[in-house]
Amino acid sequence: MKKGFEVTPWEVKGDVDYSKLIKEFGVRPLQHLPSVFTDNVLFRRGIVFAHRDFAQIADAVEKKKKFVMMTGLMPTGKFHIGHMILCQQFIFYQKLGAKLYIAVADLEAYNAREQSLEESRRIAVEEYIKNYIALGLKPENCEIYFQSERSKEGEKADAYYRLQNLLARHATFNEFKAVYGEISPGKMVSALLQGADMLHPQLPEFEGEIPVLVPVGIDQDPHIRLARGMARRLKGFKFNPLSSTYHKFIPGLKGGKMSASDSTSYIALTDSPAEVKMKINKYAFSGGRDTLEEHRRLGGNPDVDVSFQYLWAFFEPDDSKLNKIERAYKKGEMTTGELKKYTIEKINEFLADVQKKRKSVELRKFGF
Ligand code: TRP
């Protein structure tokens, strides 16, 4: 039996049972994908695990038809490895030929998190966008915009904010409640604006009717449900139903949630090799046994071991190497110390490369 858990956009608690979530939210498991997807670790290992209406995206990819990938970021705190899951997906879709729309949720941060627009801008550029570019995001076919400043072109800006306002009539209080847990004017406005984020690529002022994929953490599904509902009820517009995919949560160092407000819960992309070593050794929850003798005899548990989870999700894309580590750890042939040492090396190798690339990032090419 799994312990109790709760997943809402404002809180993730307990030991998440993903198959139960699939049923509760009414999303579908992501299965039987063509190899263009499963060549990517995120899909092959089930980190991206569920969807709504993904078939039209798989079809567009297969037939090389145009599609849009639209997602957003909440610019708070440090950019950490948990944030890479989304970034790796949009780089992946960009390579597949998708046009990218990326919203910086600075108005949502203002209204729902009490953060100033200036602070959001600084964090978005210095933490998020710079790291996206270092991780491989290209300026071609990519629009990054702030919610508070959609476009310098009047017709486009009008269309986006008009859509946000027209959507308002087509939602219920309960739908808003599912998004933020409570209703305040600021939170309602934010949920409507996120609806406009997801739907506006299909307006005639932008791409016109087109398949749009929104990859998000599973906690954001109430936003998707709300937007899909509003789009259906809004007359006079042609919207292709939104497609979405959902990824799992990567545990924080101590287990539980990786939180940008607790530096002992995450590895940041700007952490130094010494910091990474210290954090993994000191904080990374271990699935090993209390004594070496016991570990050798009974073996460790990779399923709860945070170092192993990080190798699984990010730092050991080679399946045969990962399987070998898993087997050796389970049998007690590999100790926690050895597993941590390997993980530290892999993370530091990866970060050295990203940090080098960060130095030559050209924000200008992205319009910043
Ligand atoms: N609400 C999202 C978050 O908290 C941010 C966001 C804003 C978003 N607009 C979006 C996500 C559009 C996906 C699509 O992270």
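This is a predicted model: local features need pLDDT of at least 70, side-chain atom pairs count only at pLDDT 80 or more; totals for chains, interfaces and linings use all residues.
Helices and strands are DSSP runs, counted from the N terminus, and a strand has at least two residues.

Is Ser-244 buried or exposed? Its relative accessibility is 0%, so Ser-244 counts as buried. The side chain of Ser-244 is joined to that of Tyr-246 by a polar contact of 2.7 Å. Beyond its neighbours within four places in sequence, Ser-244 is in contact with Ala-50, His-51 and Arg-52, as well as with Leu-213, Val-214 and Ile-224.

## The ligand and its surroundings

Next, the ligand. It is surrounded by 13 residues, and the closest are Gly-72, Glu-108, Gln-194, Asp-197 and Gln-220.

Some of these residues place polar side-chain atoms by the ligand's nitrogen atoms. In the side chain of Glu-108, an N or O atom is 2.8 Å from a nitrogen atom of the ligand. For Asp-197, the distance from an N or O atom of the side chain to a ligand nitrogen is 2.8 Å. Gln-220 has a polar side-chain atom 3.1 Å from a nitrogen atom of the ligand. How much of the ligand does the protein bury? Taken alone, the ligand exposes 370 Å², and 91% of that is buried by the protein.

## His-83 and helix H5

His-83 sits in the loop that runs between strand E5 (68–73) and helix H5 (84–95). Its relative accessibility is 21%, while buried means under 20%, which is why His-83 counts as partly exposed. Setting aside neighbours within four places in sequence, His-83 is in contact with Lys-78 and Tyr-128. With Tyr-128 there is a polar contact between the two side chains, at 3.2 Å. His-83 and Ala-260 are 177 residues apart along the chain, yet their C-alpha atoms are separated by 9.6 Å.

Helix H5 has 12 residues, which should span 16 Å at 1.5 Å a residue; the end C-alpha atoms are 16 Å apart, in agreement with that. Of those 12 residues, 10 are buried, so H5 is largely enclosed by the rest of the structure. The buried residues include Met-84, Leu-86, Cys-87, Phe-90, Phe-92 and Tyr-93. Just after H5 comes Gly-97, with a positive phi of about 105 degrees.

## The loop residue Gln-202

Another loop residue to look at is Gln-202, placed between helix H10 (185–199) and strand E8 (212–217). Gln-202 has a relative accessibility of 3%, and therefore counts as buried.

Which residues does Gln-202 touch? Not counting residues up to four places away in sequence, it touches Gly-208, Glu-209, Ile-210 and Val-212, along with Lys-238, Phe-239 and Asn-240.

## Helix H15, one side at a time

Helix H15 takes in residues 319–331, and its 13 residues reach 18 Å from first C-alpha to last, close to the 18 Å expected at 1.5 Å a residue. At its start, a side-chain oxygen of Asp-318 comes to within 3.0 Å of the backbone nitrogen of Ser-320. After H15 comes Gly-332, whose phi is positive, near 85 degrees.

Four residues of H15 to look for are Leu-322, Ile-325, Ala-328 and Tyr-329, which are buried. They lie on the same side of H15, because they cover an arc of only 130 degrees around the axis. The cover over the buried residues of H15 includes helix H13 (292–298), helix H14 (306–315) and helix H16 (336–359). Turned away from the buried side is a face that carries the exposed residues Lys-324 and Lys-331.

Key
Residues are numbered from 1 along each chain as its sequence is written. Side-chain values use heavy atoms; hydrogens and water are left out. The expected span of a helix is 1.5 Å times one less than its number of residues. Buried means under 20% relative accessible area, exposed over 50%, partly exposed in between (1.4 Å probe, protein chains only). The arc is that of the directions from the helix axis to the C-beta atoms. Contact means heavy atoms within 4.5 Å. A polar contact is a pair of N or O atoms within 3.5 Å; within protein, one must be able to donate a hydrogen and the other to accept it, and residues adjacent in sequence count only if both atoms are side-chain atoms. A residue is near a molecule or strand if one of its heavy atoms lies within 4 Å of it. Accessible areas come from the Shrake-Rupley method with a 1.4 Å probe; for residues, only the protein chains shown count as cover.
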